[in-house]
Amino acid sequence: MREVKPAAIMLKVAAAGALVLLASGCASIRDHRGYIVDSALVDSVQPGIDNKQSVEKTLGRPTFISQFGTPTWYYLSILTKQAPFGRPRAKQELQLKISFDAAGRVTKVDRAGMEQVASISPDSHKTPTLGRNRGFFEDLFGNIGAVGAVPGGGSTGPKPGSGPNGS
């Protein structure tokens, strides 16, 4: 019969533990940002019936309030998912917009989701600019000797005064 050494058992346990730790690093991260949506509470807000006080008691303080135009409260909720070593991506989004009249009564409740999110892909090309094209080393060393250099070696500017900054 073969005898099992305690060192070999410890080595196998340590290897299994390291494998579990490495595998747990590959899990994606889910995160919730903003307002936590309760569908029953959101559905209970009715135009013409509720006012600012009842909406705040029901849904809580809004994510932000419009500063101009029609008084409007916004509740934003975003569910993101992040793959290992990746950037967070929005998977689910709710934009709740509640409009009020001058008396503070609810006039309209709008909902929007991911269908309102625009997907853009920026162009990776360089933006043309005026001026000359300079390389890395020209940018780095281009001004050596140019700053403060005066042709002929003399000072051509006005004489410094007796003020604190030479004026």
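Phe-100 is buried, because its relative accessibility is 1% (buried means under 20% relative accessible area, exposed over 50%, and partly exposed in between, with a 1.4 Å probe and protein chains only). The model is a predicted one, in which local features need pLDDT of at least 70, side-chain atom pairs count only at pLDDT 80 or more, and totals for chains, interfaces and linings use all residues. Residues are numbered from 1 along each chain as its sequence is written, and side-chain values use heavy atoms, with hydrogens and water left out.

Beyond its neighbours within four places in sequence, Phe-100 is in contact (heavy atoms within 4.5 Å) with Asn-51, Lys-52, Val-55, Thr-70, Pro-71, Trp-73, Arg-105, Val-106 and Thr-107. Trp-73 is also buried, with a relative accessible area of 7%.

## Aromatic pairs

The whole structure holds five aromatic pairs. Rings of Phe, Tyr and Trp (its six-membered ring) pair if their centres lie within 6.5 Å; planes under 30 degrees apart count as stacked, over 60 as edge-to-face, and the rest as tilted. Phe-64 and Tyr-74 are stacked, because their ring centres are 4.8 Å apart and their planes stand at 20°. Phe-64 belongs to strand E2 (residues 64-65) and Tyr-74 to strand E3, ten residues apart, and the pair links distant parts of the chain. Helices (H or I, at least four residues) and strands (E, at least two) are DSSP runs, numbered from the N terminus. Phe-64 is partly exposed at 39% relative accessibility, and Tyr-74 is partly exposed with a relative accessible area of 22%.

Trp-73 and Phe-100 make an edge-to-face pair, 5.0 Å centre to centre with 65° between the planes. Trp-73 is in strand E3 and Phe-100 in strand E4, so this pair ties together parts 27 residues apart in sequence. Elsewhere, Phe-136, Phe-137 and Phe-141 form one aromatic cluster.

## The largest nonpolar core

Eleven residues make up the largest nonpolar core: Tyr-35, Val-42, Val-45, Val-55, Leu-59, Trp-73, Tyr-75, Leu-96, Ile-98, Phe-100 and Val-106. Such a core is a set of buried Ala, Val, Leu, Ile, Met, Phe, Trp, Tyr and Cys residues joined through side-chain atoms within 4.5 Å. Helix H3 (52-59), strand E3 (72-82) and strand E4 (89-100) are the elements that give two or more residues to this core. E4 gives the most, with three residues.

## Asp-50

Asp-50 sits in the loop between helix H2 (39-43) and H3. Asp-50 is buried but has no salt bridge, and the nearest side chain of opposite charge, Lys-57, is 11 Å away. A salt bridge requires a side-chain nitrogen of Lys or Arg within 4 Å of a carboxyl oxygen of Asp or Glu; Lys and Arg count as positive, Asp and Glu as negative, and His and the chain ends are not counted.

A polar atom of the Asp-50 side chain lies 2.8 Å from the backbone nitrogen of Gln-46. Leaving aside neighbours within four places in sequence, the residues in contact with Asp-50 are Ser-44, Val-45, Val-55, Arg-105 and Val-106.

Glu-56 lies in helix H3 and is partly exposed at 32% relative accessibility. Apart from neighbours within four places in sequence, Glu-56 is in contact with Arg-61 and Trp-73.

Phe-85, in the loop between E3 and E4, has a positive phi of about 60° although it is not a glycine. Most residues other than glycine have a negative phi. Phe-85 is exposed, at 90% relative accessibility.

Terms used:
A polar contact is a pair of N or O atoms within 3.5 Å; within protein, one must be able to donate a hydrogen and the other to accept it, and residues adjacent in sequence count only if both atoms are side-chain atoms.
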